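These exercises are worked step by step. Keep the sequence and the model in view while reading.

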Amino acid sequence: MHKSSEIDKRTNDRYLSLSEATNKIKTLRKKCITLDDKVKGLQKKVEKLTDTFTIDVDCSLHTSIMNENDRNVKDEFPEGTFRRLFWEQQLKAARCTDARQMRWHPTMIKWCLNLKLLSSSAYNSLRTSGFIKLPSERTLLDYTHFFTSKTGFQTEVETMLIHEAKLSTLTELEKHIVILFDEMKIKEGLVYKQNTEYIIRFVELGGINDILSKLEEVDESGSTQHPPIAKHILCIMVRGIFIDLRFPFAHFPTKELTGFKVIALTGDGASPNRKFFKLHSVKSKELTFKYRNPYAKEERYIYFISDVPHLMKTTRNCWSHSFWNGNKRTLWINGKWISWLHIKHLYEQKLQQLVHSNGLYLLKKLSKDHFYLTSFSRMRVDLAVEVLSSSVANMLKFNGDSDTTETERFARMFDQFFDCLNVRSPNEHVTKRKPYLKPYTSSTDERLCWLKRDFLGYLDEWERSVNSRDDICNADKAKLMLSKETVQGLRITG
């Protein structure tokens, strides 16, 4: 029998009653005690097995074993593979009598840096286990700090980009790139950088002696003047279109980036980004989605793209306010409501299936996190995409409720819109059985026509439907549609 009273472990504590929260704490406490006992038991078992069956292997025996297996490994792993390189590096490290004699391969260094960035403690545990040989933290430090990081353009970073992309081997088509930019909130506070004697907070304030002297200066009102501290940074990233290239480059776009050809700029819907797009408009009321590159040698445009994941989140957020979360919006088109309550009914329907079914139910991914949004869950793209999905649209259609037809259409439209602009694998459209994820191979692809004809036509139809109503004022009409900023971003991108 299914325990219907059991609390979902993923449920946010703020939605639990006092008794439910107390029961949850007691349950978690019992689980912790049980797991602690299991861990202690396993530790004793491992120690007993280690004392009984293990033998000490000295360095000479270790090297001898590796030499004997060298031929078998080389026959198994062909030249040029990472597994072959990993074995050769381990064999080379085992033969070194002094760790300082070891010279690690650059690919091995990159792999170790990746491990350390994922988890420093895991890397240290793996290295100190003695099972495999890995570079020391001091060695990795030399590779990550071979030049001083600064704001703005740096020659060293530009050289790294050219080397990383192998620019000299790229074709003219592969040199086309997109520049992505995004503003990020950073922690406030001052940090003293020893090698440059700067106090930094993503803005350079001068030498330490200048700082101390300025602190002693007092203006006429008697208050000390403090220099401004940055609260945000704008990150610029280079992204390849036809090659796998992701490279954080600088703080602002350039006229010509080290031999590459910039054809698009991508940013979220923040107000400064929208103003930046509008600065390039020929007419003040015209929607700006491209601008002729004045620095390009040939006739070439730079296209502006609003970040698609951000658009999916803002669209979902507008929908979540429709008859829910303060009722700030009441989305409406063609006489039908697009209500967040329809998602609520689907979630309640799933809960009933969980109680009465034998483990088989629809909408497996739909959870309480999708419906009860918090400040943190609103930032998660996966929750927005899973709500604005074909599975939700199919479930609404399966229920056969005539009141949800426009909600079904709304979810399906944005599911296809996201798929059209989220192509990232040559086989994903097959494994997920979603044709809109198929890689683009032609400029006349039907999906490009769909974006212009059907998706933008859907937004036009929505606007005409709302504007045709004469019984409400303009302020109320605005509540019947998505936010102006979201619609503008959708039109620019579509």
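**Exercise 1.** Within what distance do the axes of H15 and H17 come, and at roughly what angle do they cross?

Solution. Start with the conventions. The model is predicted, so local features need pLDDT of at least 70 and side-chain atom pairs count only at pLDDT 80 or more, while totals for chains, interfaces and linings use all residues. Residues are numbered from 1 along each chain as its sequence is written, and side-chain values use heavy atoms, with hydrogens and water left out.

Step 1: find the elements. Helices (H or I, at least four residues) and strands (E, at least two) are DSSP runs, numbered from the N terminus. H15 spans residues 405-420, and H17 spans residues 446-467.

Step 2: Axes are lines fitted to C-alpha atoms, for helices over the stretch in contact, and angles run from 0 to 180 degrees between N-to-C directions. The axes of H15 and H17 come within 11 Å and cross at roughly 145°.

Step 3: A crossing is left-handed if the near helix is turned anticlockwise from the far one by less than a right angle, and right-handed if clockwise. H15 passes H17 in a left-handed crossing.

Step 4: list the contacts (heavy atoms within 4.5 Å). On the H15 side are Arg409, Phe410, Met413, Phe414, Gln416, Phe417 and Cys420; on the H17 side are Arg447, Trp450, Leu451, Asp454, Phe455, Tyr458, Glu461 and Trp462. These residues comprise 10 nonpolar, 1 polar and 4 charged. Here Ala, Val, Leu, Ile, Met, Phe, Trp, Tyr, Cys and Pro count as nonpolar, Asp, Glu, Lys and Arg as charged, and the others, Gly among them, as polar.

**Exercise 2.** Describe how H14 and H15 are placed against each other.

Solution. Step 1: H14 covers residues 390-399, and its axis comes within 8 Å of the axis of H15, crossing at roughly 160°. The two helices are therefore roughly antiparallel. The cut-offs are under 35 degrees for roughly parallel, over 145 for roughly antiparallel, 65 to 115 for roughly perpendicular, and oblique for the rest.

Step 1: the crossing of H14 and H15 is left-handed.

Step 2: Ser390, Ala393, Asn394, Leu396 and Lys397 in H14 touch Thr407, Glu408, Ala411, Arg412 and Asp415 in H15. By class, this contact has 3 nonpolar, 3 polar and 4 charged residues.

**Exercise 3.** At what angle do helix H3 and helix H4 pack?

Solution. Step 1: H3 (residues 82-95) and H4 (residues 106-118) pack at about 95°, and their axes are 10 Å apart. H3 and H4 are therefore roughly perpendicular to each other.

Step 1: from H3, the residues Phe82, Leu85, Phe86, Gln89 and Gln90 meet Thr107, Met108 and Trp111 of H4. The contact holds 5 nonpolar, 3 polar and no charged residues.

Step 2: look at another residue of H3, glutamate 88. Its relative accessible area is 28%, so glutamate 88 is partly exposed. Buried means under 20% relative accessible area, exposed over 50%, and partly exposed in between (1.4 Å probe, protein chains only). Glutamate 88 lies 14 residues from lysine 74 in sequence and 9.0 Å from it in space, C-alpha to C-alpha.

**Exercise 4.** Which residues does isoleucine 241 touch, not counting residues up to four places away in sequence?

Solution. Step 1: isoleucine 241 sits in the loop between strand S5 (232-240) and strand S6 (246-250). With 37% relative accessibility, isoleucine 241 is partly exposed.

Step 1: leaving out residues up to four places away in sequence, isoleucine 241 touches His176, Ile177, Val178 and Ile263.

Step 2: histidine 176 is 65 residues from isoleucine 241 along the chain, and their C-alpha atoms are separated by 6.5 Å.
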